[in-house]
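Visitor: I have a model open and want to go through its ligand sites. Can you take me through them?

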Amino acid sequence: MMTKLKIAVQKSGRLSEESLRLIKECGIKFNNGKGTLKAEASNFPIEFLFLRDDDIPGYVEDGVADLGIVGENVLVEKSKGLEINKRLGFSKCRLSLAIPKGEKYEGISYFEGKNIATSYPKLLGDYLSKQGINADIHEISGSVEIAPGIGLAEGICDIVSSGSTLFMNGLKEVDVIFNSEAVLVSSPDMDPAKKDILNKLIFRIDAVLNSKNNKYILLNAPNDKVEEIIGILPGMRSPTVLPLAQEGWSSLHSVINEDEFWERIEKLKEAGAEGILVVPIEKMIK
Ligand code: ATP
Ligand code: ZN
């Protein structure tokens with residue numbers, strides 16, 4: 001039988017859409033009808049299992065799935081021995097401590113002896129013990145933010161993205177204990193044939209992620225400025241320089257990182273670059 005990888009992805013929620021988009025951008029084709037538990041790719045040896053995110057680390061540990069896409073928060077909370085193969089850069093969020101708005105907060109010692117509600121007892125427990133704080137951790141599985149309002153706890157530790165849920169429940173964020181993003185995880189003991197497929201998948205994911213962080217840039221410059229401009233453009237190896245039909249001018253092509261994009265563009269203009277075009281890259285193999 002042909003070897004296949006089984007990948008666990010969230011069935012529906014904040015990870016699902018982007019997980020499947022990434023797989024599609026890797027050129028992997030599959031049909032997933034609504035409500036199905038499994039799907040198979042037609043052009044890559046991979047099978048999908050659609051699960052609740054909380055169950056993904058456990059299924060990968062037990063070998064039911066070979067790999068999974070899950071939030072790092074859930075991974076650290078649930079898993080013992082999984083390897084992070086790749087940080088995926090989506091579903092970014094933070095796990096924070098919050099207390100009632102009117103309370104005065106002067107530091108983590110606020111929580112000494114207090115009662116904190118959370119769905120992340122392990123992450124919170126580890127954090128508090130590192131800080132030398134003894135608190136009572138009250139594990140609840142959902143709607144953590146209402147716990148102080150109903151007198152269940154004096155503070156909470158929960159996922160925050162904008163802070164508006166906290167605000168609506170009369171709470172304020174006081175400390176970030178963990179920053180999370182989606183990660184690709186696998187069991188550390190995978191057989192060589194599967195490892196081989198995993199490496200092919202990671203190669204494709206890298207190409208997709210690199211392309212997102214980079215743009216292709218084209219510009220024109222008078223020949224006497226080309227050297228200075230090359231100094232500003234980074235490029236995978238070095239920029240491409242082509243003569244323009246107009247005497248004394250050149251066209252330069254290169255790749256530029258999203259993070260330093262605007263700063264470089266300004267420098268390029270100052271150095272005499274004209275007609276600057278910036279275009280997205282679909283795949284980038286380094
Ligand atoms: P499930 O039904 O699969 O158990 P869930 O309700 O537990 O889903 P979601 O709310 O879909 O989980 O969140 C899944 C993951 O997405 C979280 O564990 C976290 O890593 C990330 N996440 C949570 N909230 C946000 C947010 N506001 N913005 C971005 N990512 C988030
Ligand atoms: Zn969940």
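Predicted model: local features only at pLDDT ≥ 70, side-chain atom pairs only at ≥ 80, totals over all residues.

Visitor: Which residues coordinate the zinc ion (ligand 2)?

Guide: Asp53 and Asp54 do, each through OD atoms, at 1.9 to 2.1 Å.

Visitor: And what is the geometry of that site?

Guide: Irregular, because the angles among the four donor atoms run from 75 to 172°, while tetrahedral needs all of them between 85 and 135 degrees.

Visitor: Is Asp53 buried or exposed?

Guide: Asp53 has a relative accessible area of 16%, so it is buried, the cut-off being under 20%. Asp54, at 26%, counts as partly exposed.

Visitor: Switching to ligand 1. How many residues surround it?

Guide: 15, and the closest are Gln10, Arg14, Asp53, Asp54 and Asn73.

Visitor: What lies 2.8 Å from an oxygen atom of ligand 1?

Guide: A polar side-chain atom of Arg52 does, and so does a side-chain N or O atom of Asp53. For Asp54, the distance from a side-chain N or O atom to a ligand 1 oxygen is 2.7 Å.

Visitor: How much of ligand 1 does the protein bury?

Guide: 76% of the 640 Å² that ligand 1 exposes when taken alone.

Visitor: Where does ligand 1 sit?

Guide: In the largest pocket.

How values were computed
Residues numbered from 1 in each chain as written. Chains lettered and ligands numbered in written order. Heavy atoms only, no water. Donors = N, O, S within 2.8 Å, 3.2 Å for Na, K, Ca; no water. Tetrahedral: all angles 85-135°; square planar, octahedral: opposite > 155°, others 65-115°. Buried < 20%, exposed > 50% of the residue type's maximum accessible area, 1.4 Å probe, protein only. Near = heavy atom within 4 Å. Polar contact = N/O pair within 3.5 Å; in protein donor to acceptor, adjacent residues only side chain to side chain. Areas by Shrake-Rupley, 256 points an atom, 1.4 Å probe, with all protein chains shown as cover. 1 Å grid on protein atoms, 1.4 Å probe; cavity = no way out; pocket = protein on both sides within 12 Å on 5 of 7 lines; lining within 4 Å. Sits in = over half its atoms within 2 Å of the grid points.
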